[in-house]
Amino acid sequence: TAAVGLNCVWHNLEYMACTWRPGENASRDTNYTLFYWFDGLENQEKCNNYSVEQGNFECVFKLSFPKLTNTYPAISILIRDDSEDIRPMCASKNPTTLVKPATPRRVTLSKINDDIHVEWSHSDTFPENCLFYEVKYHNGDLDTTPIIKVTFHYLPLTDFTFPYVENNYTSIPSIDPNSKYIFKVRAKPKPECYSSELYSDWSEEKSIGEKMDSTFYFVLIITIPLIVAVSTIILLVYLKRLKILILPPIPDPREILKLMFGDQNEDSQVSKKL
């Protein structure tokens with residue numbers, strides 16, 4: 001009857017969301033209640049922001065500490081029901097393993113010479129230098145092009161690992177001015193600050209540049225061979241006429257002799273008749 005599958009995420013160091021499933025033998029009308037406590041709280045706190053979806057429970061509560069640091073006290077969680085028939089479930093969570101940054105905001109793109117400059121806002125809730133970022137981009141003209149990861153050193157990688165960008169900006173060099181580029185950014189806690197393996201959600205995609213119209217390429221493919229064919233025909237006709245002017249045809253000597261002697265034979269036959 002005890003709650004099972006407890007999973008908690010500490011969102012942006014601001015609030016914690018815990019989800020769980022009802023026990024296998026728990027009745028459908030079981031009303032689980034979540035309580036939490038950590039060293040520094042005088043009394044246990046009750047989570048009041050509940051929701052149930054398809055039989056799964058979720059409760060969200062604010063969680064913050066007096067000072068931003070990379071070490072926090074463990075959080076004790078108790079989930080129980082007022083009925084004695086429901087067994088309580090107890091768990092202890094290390095909050096640094098549950099950290100999930102917020103999605104990077106205000107992603108902006110700009111062109112500087114032949115480069116694309118990508119910039120996004122700093123986090124207001126994390127300590128300085130406790131986040132790194134990943135930037136993904138691809139050329140919108142080629143749907144089959146694999147997404148390229150970018151490092152802070154502005155060098156595109158040939159392997160498909162996840163390089164890190166520690167600052168809140170980067171640049172992409174040697175872009176195609178006739179292509180459309182699409183970018184998105186996400187954040188992850190640094191291991192030296194937090195033990196969490198959770199990435200933020202990807203930011204909303206931003207694009208820059210204009211994709212060439214496919215109609216233009218179609219017209220281009222049809223027009224170029226047609227122009228080449230017409231030009232070839234005109235050139236052949238022109239060369240034929242030019243050849244006649246430069247090298248006129250040589251008369252056949254047999255035809256000349258035939259004309260000459262043919263006229264004399266006709267004259268002699270006329271004389272004999274007379």
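1. C59 is buried (under 20% relative accessible area, where over 50% is exposed and in between is partly exposed, with a 1.4 Å probe and protein chains only), at a relative accessible area of 0%. C47 is likewise buried, at 1%. These two cysteines form a disulfide (a pair of cysteine sulfur atoms within 2.5 Å), and their sulfur atoms lie 1.8 Å apart. The pair links distant parts of the chain, 12 residues apart: C47 is in the loop between β4 (45-46) and β5 (49-53), and C59 is in strand β6 (residues 56-62). Strands (E, at least two residues) are DSSP runs numbered from the N terminus. The link of C47 and C59 is left-handed, with -110 degrees about the S-S bond.

2. This is a predicted model, in which local features need pLDDT of at least 70 and side-chain atom pairs count only at pLDDT 80 or more, while totals for chains, interfaces and linings use all residues. Residues are numbered from 1 along each chain as its sequence is written, and side-chain values use heavy atoms, with hydrogens and water left out.

3. The structure holds 3 disulfides. Another of them joins C8 to C18, with an S to S distance of 2.1 Å. C8 belongs to strand β1 (residues 4-11) and C18 to strand β2 (residues 15-21), so the bond ties together parts that are 10 residues apart in sequence. This link of C8 and C18 is right-handed, at 115 degrees.

4. C130 and C193 also form a disulfide. The torsion about their S-S bond is about -80 degrees, so this disulfide is left-handed.

5. Is C90 buried or exposed? C90 is exposed, with a relative accessible area of 61%.

Note on methods. Helix = DSSP H or I, 4+ residues; strand = E, 2+ residues; numbered from the N terminus.
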